[in-house]
Every structure is written in C-alpha cells, then in structure tokens.
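Here is a short briefing on one protein chain. Keep the structure open while reading the points below.

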Amino acid sequence: MTTLPDRPNTALLVIDVQKGVMAGTPRRDSVIANIGTLVDRAREEDVPVVWVQHSDDQLKRGSESWEYVPELVRRDDEPLVHKLYGDSFEDTELETVLAERGVGRLVVTGAQTDQCIRSTLHGAFVRGYDVTLVGDAHTTEDLTEYGAPSPEQVIAHTNLYWNWHSAPGRRGGTVGTAEVTFTPADGG
C-alpha cells in the first residue's frame, strides 16, 4: 500500500530508548523487553533494524543519559540515525537509510510517545510510508505538572488514534508486540 514505488520492505525503528529518556517512564522494563523481542524477530527475519538517537540540551551527545539503555544492543551493521528534532526524518539521514534498503513500511517503537514517536509517525506517513505503531512498545514521561494527561492516557490515546490513521495509498495501524508482522497483510 505504501506510495513509495519499488520499496516493498519493512524496517523496525527503535526511537530514543536512551537512559535519560527512559528513566522513570511507566512500563519501562516491559516496553524495553517488547522492543528487545521485536529486535530479535527482525534480525531472525532479516528485517532492517534502524536505531534513532536524540541529542539536545538535556541529552548531551556522549553523556551517560544520551546512551542507549544497556538492555538493547545495536549491532555494528545496523544503522544509527542521530537527530536533534522530534521527527526522526527532520534534518537526518533516515530517508536515505530507508531508501537504500527499499523500505516503504515502518514498525515504530520507542519513546517519547507524545513527542518523538508522534512526530515520527506523522513524518513518515506524510512522506508516503505505511506506519505501524507497536502499542505496548512505546512510552513517555509524566508531564502532568504542565497540564498534560497522564502517561498512560497519552499512550492509550496515541494507540487509539493511530489505529485508524489512513490516507490514499497509505495506512497506519496499532498492534501489540505479539501481533507484529514484518510482511504487509496485502503482500505489498
């Protein structure tokens, strides 16, 4: 269904699962375990795993909080995309990495639900990708002191609205870790 011609492949995106991002997030351990399960499955099925790593004033490049959590280990042959903005495509080489691998469909995991996950979902979608969100493999920090809903409400709402996201020639969707398939249902 993707609108990207000659890009039949799927990639797993692991977004910002960094020590400083994941500290104190709800369901931290289960989210990381689910991502680990998906990384293992993707590797077994020869599906590209693309790692995304954020830097900003709170996540200084090279600092301990900037590092990926120790439970997830990137292989040297797996691309690492560094970013400065919420959308993993914005001012990065992500599009080039995906195009080189013939990817037109993304399976998205990581953090923060209400920032980098949502921005990347929409950024991919408007660029022509089919985008599946793994509903039990993303999380976010508690921003209720600033008027935001609770993290669990943010996660639930994102899972709900992304499940029904569609546009001509593209589709979104939300599934659990156990339901992830790296082959599109329509075979294309």
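**Overall picture**

With 188 residues, a compact globule would have a radius of gyration near 16 Å, and the protein, at 15 Å, agrees with that. The model is predicted. Its C-alpha atoms fill a box of roughly 45 × 35 × 30 Å along the principal axes.

**Fold and packing**

- The protein has five helices and eight strands.
- From the N terminus, the elements follow the order β-α-α-β-β-α-β-α-β-α-β-β-β.
- Of the 188 residues, 51% are buried.
- Among contacts with a separation of 6 or more, 78% are between residues 24 or more positions apart.

**Strand β4 and its neighbours**

- Strand β4 spans residues 103-111. Nine of its nine residues are buried.
- Strand β1 (residues 9-15) is joined to β4 by seven bridges, and the two run parallel. In this pairing, Leu-12 stands opposite Val-107 of β4.
- Six bridges link β4 to β5, again in parallel. Here Ala-111 faces Thr-139 of β5 as its opposite residue.
- β4, α4 and β5 form a β-α-β unit, and its hand is right.
- In a regular strand, side chains alternate between the two faces of the sheet.

**Backbone points to check**

- The peptide bond between Ala-111 and Gln-112 is cis, with omega about -20 degrees. Gln-112 sits in the loop between β4 and α4.
- Asp-16 has a positive phi of about 55 degrees, yet it is not a glycine. Asp-16 belongs to the loop between β1 and α1 (19-22). Its relative accessibility is 2%, so Asp-16 counts as buried.
- Asp-46 also has a positive phi, near 60 degrees, and is a residue other than glycine. Asp-46 is placed in the loop between α2 and β2 (49-54). Is Asp-46 buried or exposed? Asp-46 is exposed, because its relative accessible area is 71% and the cut-off for exposed is over 50%.

**Helix α5**

- Helix α5 covers residues 151-163, 13 residues in total. From first C-alpha to last, α5 reaches 18 Å, close to the 18 Å expected at 1.5 Å a residue.
- Which residues of α5 are buried? They are Pro-151, Val-154, Ile-155, Thr-158, Asn-159 and Trp-162. These residues cover an arc of only 130 degrees around the axis, which means they lie on the same side of α5.
- An α-helix has 3.6 residues a turn, so residues three or four places apart point the same way.
- What do the buried residues of α5 pack against? Their partners are α4 (113-126), β5 (130-139) and β8 (174-175).

**Arg-41**

- Arg-41 lies in helix α2, which spans residues 28-44.
- Arg-41 is partly exposed, because its relative accessible area is 22% and buried would need under 20%.
- Leaving aside residues up to four places away in sequence, Arg-41 touches Thr-177, Val-180, Thr-181 and Phe-182.
- Arg-41 and Pro-151 are 110 residues apart along the chain, and their C-alpha atoms are separated by 28 Å. Pro-151 is one of the buried residues of α5.

Key: Residues numbered from 1 in each chain as written. Predicted model: local features only at pLDDT ≥ 70, side-chain atom pairs only at ≥ 80, totals over all residues. Heavy atoms only, no water. Helix = DSSP H or I, 4+ residues; strand = E, 2+ residues; numbered from the N terminus. Expected span 1.5 Å × (residues − 1). Buried < 20%, exposed > 50% of the residue type's maximum accessible area, 1.4 Å probe, protein only. Arc of directions from axis to C-beta. Contact = heavy atoms within 4.5 Å. Pairing = 2+ DSSP bridges. Right-handed = clockwise from strand over helix to strand, strands pointing away. Rg over C-alpha atoms; globule rule 2.2 N^0.38 Å.
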